[in-house]
Amino acid sequence: MEPTVSFFSGFAPKDLLFLGEAALRTMWISVLSISIGTLLGVVFGWILYEGKWAAALTVAPILDIFRSVPLIIQLVLFYNFAPIVGLNLDPFASGVVILTIYTASLVANVARGGIEAVEPPMRRAARSLGMSYWQDLRHVVLPIGGRAVFPAWVGVALGVMKDSALVSVLGYVELLKASQILITRTQEPFLILSIAGAFYFALSYPISRYAASLERKWAQ
Amino acid sequence: MIEIHDLHKYFGSLHVLKGINLNVEKGEVLSVIGASGSGKSTLLYCINGLEPVQQSNAVVDGTDVHAKGTDINKLRQQLGMVFQQWNSFPHLTALENVALAPKIVKGKSKAEAREIAAQQLKHVGLGEKLDVYPSALSGGQQQRLAIARALAMEPEYMLFDEATSALDPELVGEVLETMRMLAEEGMTMICVTHEMGFARDVSDRVAFFHQGVMEEIGPPEQIFGNPQSEHTQKFLANVR
């Protein structure tokens with residue numbers, strides 16, 4: 001008689017390790033995309049602020065597209081069409097590229113708001129001390145405007161971190177994809193999704209707490 | 001010396017300054033009075049290049065402010081400016097507010113910049129407030145902070161643009177006192193002001209502006225005691 005083949009097996013402690021590793025991948029892809037995306041977004045925000053109509057005709061519509069089209073569509077389109085133009089990117093790299101652009105498109109408007117938050121008289125005062133345009137931007141606009149829009153930026157960062165789950169559709173084994181794999185094997189979706197949720201929470205909560213404590217410090 | 005020759009300034013089609021001629025000598029205190037919208041503040045903005053001009057010759061110590069080759073950031077170090085709104089940098093302590101420009105603009109070391117800042121804050125009577133953030137200072141203290149911030153660049157001239165207009169009445173005195181002290185120390189000052197008492201007591205000369213024209217200029221005794229222009233007479237009758 002043939003031995004019984006078991007397709008399903010229960011949740012084992014080593015699966016927790018598997019999820020933990022996946023959580024690290026979620027963190028990694030998020031940290032990369034959010035930091036590069038934020039830097040790009042600040043540059044785009046500055047272009048939107050300074051560029052006037054030229055920016056309104058060029059950068060603004062492109063950012064609008066990335067802000068408005070659902071991320072999952074962007075990911076699938078990019079992953080499948082990039083090879084046509086000779087870009088052979090693995091799921092991780094594709095995810096980073098799209099999440100970065102997506103972050104940049106959201107941060108651009110936050111950054112523009114930050115620059116606008118610094119009133120012209122403040123900037124004139126800085127310039128009257130002999131500061132150059134760039135010194136004013138770096139030492140006055142960045143710290144003052146940055147603090148004004150920091151809560152909005154934290155919102156974007158946490159959102160992108162959670163949205164990174166969509167990279168699972170490309171086959172990158174981050175937290176959500178890892179959960180799906182385990183669910184298929186264990187047939188215990190409730191348990192596993194709860195654990196995955198807890199991991200996402202564990203990634204976000206320290207950021208929110210840290211942000212809140214920074215805001216308290218600045219408010220003094 | 002500040003030399004202004006036939007200065008014209010337009011905002012769009014609005015002719016704000018209509019051919020101003022004015023010389024301010026080293027060590028002189030000039031008060032500029034006149035109704036709102038007469039172009040007084042704009043004149044200050046044109047002197048330190050914060051506003052472009054359409055036709056002019058504003059020359060500071062031999063340097064044409066609006067000439068193409070002029071290093072305006074360098075020139076502005078000679079021209080300290082204090083605004084109606086004090087514009088303290090909210091993220092920096094009083095000491096850091098004052099030390100910032102000497103450090104990044106003049107390239108002073110951190111220790112040197114802090115020393116200059118502490119000295120200037122003591123100078124304006126804020127020696128006790130070095131590590132306080134502007135939000136914990138009164139309007140008058142913030143305006144004195146702004147004066148210290150401008151002085152830290154060791155300017156040759158100080159331009160005051162209605163430095164007391166945004167203050168609560170009980171805080172005006174301390175700022176005027178600081179300005180008076182600077183005048184006594186020999187600082188060259190152009191003060192756009194609505195404080196007639198200050199203009200009369202502290203200035204060497206007073207200029208009266210009316211609709212973009214400098215109608216009258218002379219010693220305070222003349223402007224306040226025996227004004228020649230009809231507009232000056234009317235203005236002074238109204239503010240008294």
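**A surface patch and an interface**

On the surface of chain A, a nonpolar patch is formed by Ile72(A), Ile73(A), Val76(A), Leu77(A), Phe81(A), Ile84(A), Val85(A), Leu87(A) and Val169(A), which together have about 820 Å² of accessible area. It should be kept in mind that this is a predicted model, and the values that follow are computed from it. To place one member of the patch, Phe81(A) can be found in helix α3 of chain A, the helix that covers residues 71-81.

We can now turn to the interface between chain A and chain B. Here 18 residues of chain A are in contact with 23 residues of chain B, and the area buried between the two chains is about 1800 Å², with carbon and sulfur atoms giving 66% of that area. Within chain A, the residues that lose the most area to chain B are Arg124(A), Ser128(A) and Leu129(A), and together they account for 34% of what that side buries.

Which helices of chain A each supply at least two residues of the side that touches chain B? They are α5, residues 120-128, and α6, residues 133-163, and of the elements of chain A it is α5(A) that gives the most to this side, with seven residues. Sorted by class, the side of chain A that touches chain B has nine nonpolar residues, six polar residues and three charged residues.

What links across the interface does the rule find? Between chain A and chain B there are zero salt bridges by this rule, whereas four residue pairs are found in polar contact, with both residues of each pair at pLDDT 80 or more.

Definitions and conventions
Residues are numbered from 1 along each chain as its sequence is written. Chains are lettered from A and ligands numbered from 1 in the order in which they are written. This is a predicted model: local features need pLDDT of at least 70, side-chain atom pairs count only at pLDDT 80 or more; totals for chains, interfaces and linings use all residues. Side-chain values use heavy atoms; hydrogens and water are left out. Patches are made of residues with over 30% relative accessible area and no salt bridge: like charges are joined within 9 Å, nonpolar side chains (Val, Leu, Ile, Met, Phe, Trp, Tyr) within 5 Å. Accessible areas come from the Shrake-Rupley method with a 1.4 Å probe; for residues, only the protein chains shown count as cover. A salt bridge is a side-chain nitrogen of Lys or Arg within 4 Å of a carboxyl oxygen of Asp or Glu. Helices (H or I, at least four residues) and strands (E, at least two) are DSSP runs, numbered from the N terminus. Contact means heavy atoms within 4.5 Å. Buried area is the accessible area (1.4 Å probe) that two parts lose on being put together, summed over both. A polar contact is a pair of N or O atoms within 3.5 Å; within protein, one must be able to donate a hydrogen and the other to accept it, and residues adjacent in sequence count only if both atoms are side-chain atoms. Ala, Val, Leu, Ile, Met, Phe, Trp, Tyr, Cys and Pro count as nonpolar, Asp, Glu, Lys and Arg as charged, and the others, Gly among them, as polar.
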